[in-house]
Amino acid sequence: MCNTVRHLTRAYREVMADAWGRRPVVAVTLAIEIVLAGVAIGAARATTPDLGPDYVAIKNVTPAPAAPATFSYAWDCGHNEAGHRNTANIVVTPGRPGPPHHVHEYVGNLAVGVASTVDDLSGGPTTCRNGDRSTYYWPVLRTDTVQVPTSVTLTFYGNSRSPVVQMPRLLRGTVGDARAFTNGGARASPVWSCSGEERRRSLRYPICRTGERVLRIFDFPSCWDGRRVDAPDHRAQLIQPQPGGGCPESTFAVPRLEIVVAYALPRGTPYRIDSFDDERHSPRTDHAFFVNLMPDALMNAVVECLNTGRGCQ
């Protein structure tokens with residue numbers, strides 16, 4: 001910016017020396033244009049901070065098509081105000097802690113500890129106001145410190161092509177890939193967005209407009225194989241719908257879970273998620289999990305809402 005100002009000052013002096021004696025009005029007009037050009041350059045640079053290749057201005061992300069309209073059910077499990085965090089991953093590595101540089105945060109079931117398995121969660125207390133005892137978790141986001149989300153929104157959506165059926169107890173769901181930086185990224189999910197820009201979703205950390213919040217939008221798969229609650233890869237039991245929203249043959253539509261995690265970060269602040277060492281905090285490695293422990297009566301009410309529109313909150 002300093003070099004730009006020096007160049008503009010030199011140009012201003014040359015224009016003034018050349019033009020003032022001959023055409024004062026022209027000289028003043030040119031001087032004003034030069035100053036305004038400098039202001040515009042400075043403003044443009046201030047508008048889009050250069051935070052490196054892992055970041056992208058949200059305005060440069062192409063919006064995705066709108067999803068088909070369906071009924072929805074939303075509920076409140078807080079935003080981890082109590083700081084429930086640890087290195088466990090009860091879906092992938094149950095019963096043992098993970099590496100200290102890869103911390104998850106949770107809403108829902110409070111019984112998840114570093115030595116927990118899914119069997120330990122039954123009867124655990126919950127942060128969900130409707131009595132949902134499921135657990136929902138994702139890597140923490142940091143600036144200089146761990147950032148507490150300003151909000152966490154959980155929503156179930158129906159299927160635009162068919163009725164949904166109840167999720168079975170202990171069904172596991174996964175979105176994204178913690179190893180996407182080193183394995184080619186085929187399972188990476190574009191979860192990054194900004195408030196008011198939710199159809200613009202990126203594999204890079206977004207630089208949001210002033211006043212917007214950084215969002216992570218986790219859209220989970222919703223086509224269940226009808227048999228398993230888990231699989232060796234923790235994915236094959238619950239897969240994404242086909243283009244258009246329908247489920248592949250021999251699978252059944254279950255409520256589609258979307259989790260939106262929001263953060264209030266000053267514009268231009270660098271941030272990153274926790275990751276494994278060799279994944280370099282890449283935004284491509286963002287991911288989330290759930291284990292369904294919603295009581296049967298509540299799950300039945302959710303399905304009724306999504307299929308008929310009755311009883312939706």
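Hi everyone, let's start with a strand pairing: strand E12, residues 223–224, is joined to E14 by two bridges, and the two run antiparallel. Within that pairing, Cys 223 has Ala 253 of E14 as its bridge partner. Before I go on, please keep in mind that this is a predicted model.

What order do the strands of this open sheet take? There are three of them, arranged E13-E12-E14, with antiparallel pairing. The edges are strand E13 (238–239) and strand E14 (252–253), each of which pairs on one side only. As a reminder, strands of a sheet pair through backbone hydrogen bonds, either parallel or antiparallel.

Ala 253 is among the contacts of Asn 159 once neighbours within four places in sequence are left aside, and the others are Thr 70, Val 164, Gly 245, Gly 246 and Cys 247. Asn 159 sits in the loop between E7 and strand E8 (172–176). Is Asn 159 buried or exposed? Its relative accessibility is 15%, so Asn 159 counts as buried. For the backbone nitrogen of Ser 162, the distance to a polar atom of the Asn 159 side chain is 3.2 Å.

For contrast, have a look at Asp 144, in the loop between strand E6 (141–142) and strand E7 (151–157). With 80% relative accessibility, Asp 144 counts as exposed. Follow the chain for 126 residues and you reach Pro 270, whose C-alpha atom is 9.0 Å from that of Asp 144.

Now to the charged side chains. The model has 15 salt bridges, and I'll show you a few. Arg 201 pairs with Asp 219, and their closest N and O atoms are 2.4 Å apart. Why does this pair tie separate parts together? Arg 201 is in the loop between strand E9 (192–194) and strand E10 (205–207), while Asp 219 belongs to strand E11 (residues 214–219), so the bridge connects parts 18 residues apart in sequence. Arg 201 is partly exposed, at 27% relative accessibility.

Asp 219 also forms a salt bridge with Arg 256, at 3.1 Å from N to O. Here again distant parts of the chain are linked, since Asp 219 is in strand E11 and Arg 256 is in strand E15 (residues 256–263), 37 residues away. Arg 256 has a relative accessibility of 21%, which makes it partly exposed.

Then there is the salt bridge between Arg 228 and Asp 225, with 2.7 Å between the closest N and O atoms. Arg 228 is partly exposed, at 27% relative accessible area, whereas Asp 225 is buried, at 11%. Stepping back to the shared partners, Arg 201, Asp 219, Arg 256 and Glu 258 are joined by salt bridges into one network.

Let's go inside. The largest nonpolar core has 50 residues, and those with the most contacts inside it are Trp 75, Tyr 136, Trp 138, Phe 156, Phe 218 and Ile 259. Which element gives this core its largest share? That is helix H4 (residues 296–308), with six residues. Apart from this core lies another one of 12 residues, including Val 112, Leu 121, Phe 289 and Val 291.

Beyond its neighbours within four places in sequence, Tyr 136 contacts Trp 75, Glu 105, Tyr 106, Val 107, Leu 154, Leu 257, Ile 259, Phe 289 and Phe 290.

Finally, the rings. How many aromatic pairs are there? The count is 13. One of them joins Tyr 73 and Trp 75 in a tilted arrangement, 5.7 Å centre to centre with 40 degrees between the planes. Both of these residues, Tyr 73 and Trp 75, are buried. Tyr 137 and Phe 289 form a stacked pair instead, with centres 5.2 Å apart and planes at 20 degrees. Tyr 137 lies in strand E5 (residues 135–139) and Phe 289 in strand E17 (residues 287–291), so this pair ties together parts 152 residues apart in sequence. Tyr 137 is buried at 0% relative accessible area, and Phe 289 is buried at 6%.

Conventions: Residues numbered from 1 in each chain as written. Predicted model: local features only at pLDDT ≥ 70, side-chain atom pairs only at ≥ 80, totals over all residues. Heavy atoms only, no water. Salt bridge = Lys/Arg side-chain N within 4 Å of Asp/Glu carboxyl O. Helix = DSSP H or I, 4+ residues; strand = E, 2+ residues; numbered from the N terminus. Buried < 20%, exposed > 50% of the residue type's maximum accessible area, 1.4 Å probe, protein only. Pairing = 2+ DSSP bridges. Polar contact = N/O pair within 3.5 Å; in protein donor to acceptor, adjacent residues only side chain to side chain. Contact = heavy atoms within 4.5 Å. Core = buried A, V, L, I, M, F, W, Y, C linked by side-chain atoms within 4.5 Å. Phe/Tyr/Trp six-rings, centres within 6.5 Å; stacked < 30°, edge-to-face > 60°.
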